[in-house]
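Biologist: I have this one open on my screen. Can you walk me through it?

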Amino acid sequence: MSSCCMCHTVMRLFRDLGVNPMVVELDEDPRGKEMEKALARLLGRNPAVPAVFIGSRLVGSTDKVMSLHLSGNLVPLLRNAGGLWV
């Protein structure tokens with residue numbers, strides 16, 4: 001969601017790491033409500049954003065991304081998915 005501060009936090013982290021994330025703003029997409037419901041089912045929580053995929057794998061929300069980052073596992077995951085070349 002374009003107004004979600006946690007979405008902005010995750011995008012900022014990825015950009016600071018040198019990743020150019022593909023972002024789908026659900027509130028700006030005609031199928032956004034439909035996608036949000038599907039994500040809520042996948043994640044088992046509402047709100048369903050941010051929902052982070054790395055490659056084609058659903059990683060989770062902000063807490064999972066930050067946990068991966070703090071444990072040193074985020075950068076290797078991004079490299080393996082081709083999202084980071086450094």
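Modeller: Helices here are DSSP runs of H or I with at least four residues, strands are E runs of at least two, and both are numbered from the N terminus. Keep in mind that this is a predicted model.

Biologist: Fine. How many helices and strands does the protein chain have?

Modeller: There are 4 helices and 2 strands in the protein chain. Along the sequence they come in the pattern α-α-β-β-α-α. The radius of gyration is 13 Å, close to the 12 Å from the globule rule for 86 residues, so the chain is as compact as a globular protein of that length.

Biologist: What does the C-alpha trace span along its principal axes?

Modeller: About 35 × 25 × 20 Å. Of the 86 residues, 33% are buried, where buried means under 20% relative accessible area.

Biologist: Now the strands. How do β1 and β2 run?

Modeller: They run antiparallel, and 3 bridges join β1 to β2, which covers residues 57-60. One of the bridge pairs is I54 with R57 in β2.

Biologist: And the turn of that hairpin, which residue takes a positive phi there?

Modeller: G55 does, with phi near 70°. The hairpin has 2 residues between its strands.

Biologist: What about the bond from V49 to P50, cis or trans?

Modeller: That bond is cis, with omega near -5°. P50 also lies in the loop between α2 and β1.

Biologist: Is the lining polar or nonpolar by class?

Modeller: By class, 22 of the lining residues are nonpolar, 5 are polar and 1 is charged.

Biologist: Last one, on contacts. Of those between residues at least 6 apart in sequence, what share joins residues at least 24 apart?

Modeller: That share is 45% in the protein chain.

Notes: Residues are numbered from 1 along each chain as its sequence is written. This is a predicted model: local features need pLDDT of at least 70, side-chain atom pairs count only at pLDDT 80 or more; totals for chains, interfaces and linings use all residues. Side-chain values use heavy atoms; hydrogens and water are left out. Ala, Val, Leu, Ile, Met, Phe, Trp, Tyr, Cys and Pro count as nonpolar, Asp, Glu, Lys and Arg as charged, and the others, Gly among them, as polar. Two strands pair if DSSP finds at least two bridges between them. The radius of gyration is taken over C-alpha atoms; the globule rule is 2.2 Å times the number of residues to the power 0.38. Buried means under 20% relative accessible area, exposed over 50%, partly exposed in between (1.4 Å probe, protein chains only). Contact means heavy atoms within 4.5 Å.
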